[in-house]
Amino acid sequence: MSIPLTVGNARVKEARKLSRRPVRTERRLFLADGPKAVEGALRLPDCVVEVFATPAASEAYADVLAPARLVTLVDDRALVSLSDAVSPAGVVALCRHLDVPLSWLVEQRAPASASDPRLLVICADVRDPGNAGTVIRTADAAGAVGVVLAGQSVDVYNPKTVRASVGSVFHLPIALEPDPAAAVEAARAAGYTVLAADGAGDVDLFGADLSGPTAWLFGNEAWGLPDELAALADRRVAIPIHGQAESLNLSTAAAVCLFASARAQRHPA
C-alpha cells in the first residue's frame, strides 16, 4: 500500500471528543464515518486531516484510502469508540469543517437570469439529523447548487447527519445561517424564486411554474414553517395528498418537491 501508515490508539482519545457539538464547533473538526463518507471527504483538497482504520479495513478499502496523506491504524475497540454506527465499517476520517458563508453561496451560485435553471435548498429549524442528511443527499441527487441550514437546525457535522447524507455533504456547498429570514431574503435578492413547502399552500405543486431558478424552503418536522417565515416566500406550494395520509414527512416532501423542480428545469413545457 502506497499510503503512509502509523500505528497506535493514542490519537483516538482526542478525536473521540468530537462526538460533542461544542468541541466540533470550537476545533472546526468533525468525523466522517464509513467508506462512502471517507471517499467523499478525500476528494476535497485539504479536507481530511487523517484517517483512522483497522488493519482489515485498510486493506479492504485500499483504493478508497489511496489519496489519504495519513492513515492511522487502530484496533477494533478504538475504531468503535469513534463511530456511532451499529456495525462500523472500520474507517473514520478526521475532517476540517467545510461550510461556506451564506453570502458566498448566494453570490457564487446566483442564477445568471430568470431562466437559469438553478435549484437551492433552505431548511429552517430542521432538528432531526437523519432528515437533514437525507435532504442534503436528495438536493445533491436533484442537482441543487447548495443547501442552507438555517435557524436552530441540527448540526451538519452530527455523525448521523453526515452518515445519512451518504457522502453528499462533501459534494455541494452548505451554508449555516442563524436567521432563516435572512436566508430567504438573500436567496430572493440573488434572483431565486422562493417557494415555501406548505400543506396549506395556495398553489398545487404540479400546477406551479418550477422552470426558473428556485429556492425551496422547508420547515421543521413537527410544526412546519411559521407563518411569518412562509410569508416571505414568493409562493406557498402544497403537495397534493390523494389518499388518507395526513401529510408527508420532511425528507419525502423534499424529495417530491426537488425532483419536480429538477424535471421542470430540464424539460420545460
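**Reading the surface, cores and a helix**

The protein exposes about 12,700 Å², and carbon and sulfur atoms supply 51% of that area. Accessible areas follow the Shrake-Rupley method with a 1.4 Å probe; for residues, only the protein chains shown count as cover.

User: What kind of model is this?

Analyst: This is a predicted model: local features need pLDDT of at least 70, side-chain atom pairs count only at pLDDT 80 or more, and totals for chains, interfaces and linings use all residues. Residues are numbered from 1 along each chain as its sequence is written, and side-chain values use heavy atoms, with hydrogens and water left out.

User: How many of the 269 residues count as buried?

Analyst: Buried means under 20% relative accessible area, exposed over 50%, partly exposed in between (1.4 Å probe, protein chains only). Here 51% of the 269 residues are buried.

User: Which residues of the largest nonpolar core touch the most other members?

Analyst: In soluble globular proteins, nonpolar side chains tend to be buried together. A nonpolar core is a set of buried Ala, Val, Leu, Ile, Met, Phe, Trp, Tyr and Cys residues joined through side-chain atoms within 4.5 Å. The largest has 56 residues; Cys 95, Val 121, Phe 170 and Trp 216 touch the most other members. Helix α12 (residues 250-266) gives the most to this core: 8 residues.

User: Which residues are buried in helix α10?

Analyst: Helices (H or I, at least four residues) are DSSP runs, numbered from the N terminus. In α10 (residues 180-189), Pro 180, Ala 183, Val 184, Ala 186 and Ala 187 are buried. Down the axis of α10, they fall within an arc of 165 degrees (directions from the helix axis to the C-beta atoms), so they line one face of the helix.

Technical notes
Helix = DSSP H or I, 4+ residues; strand = E, 2+ residues; numbered from the N terminus.
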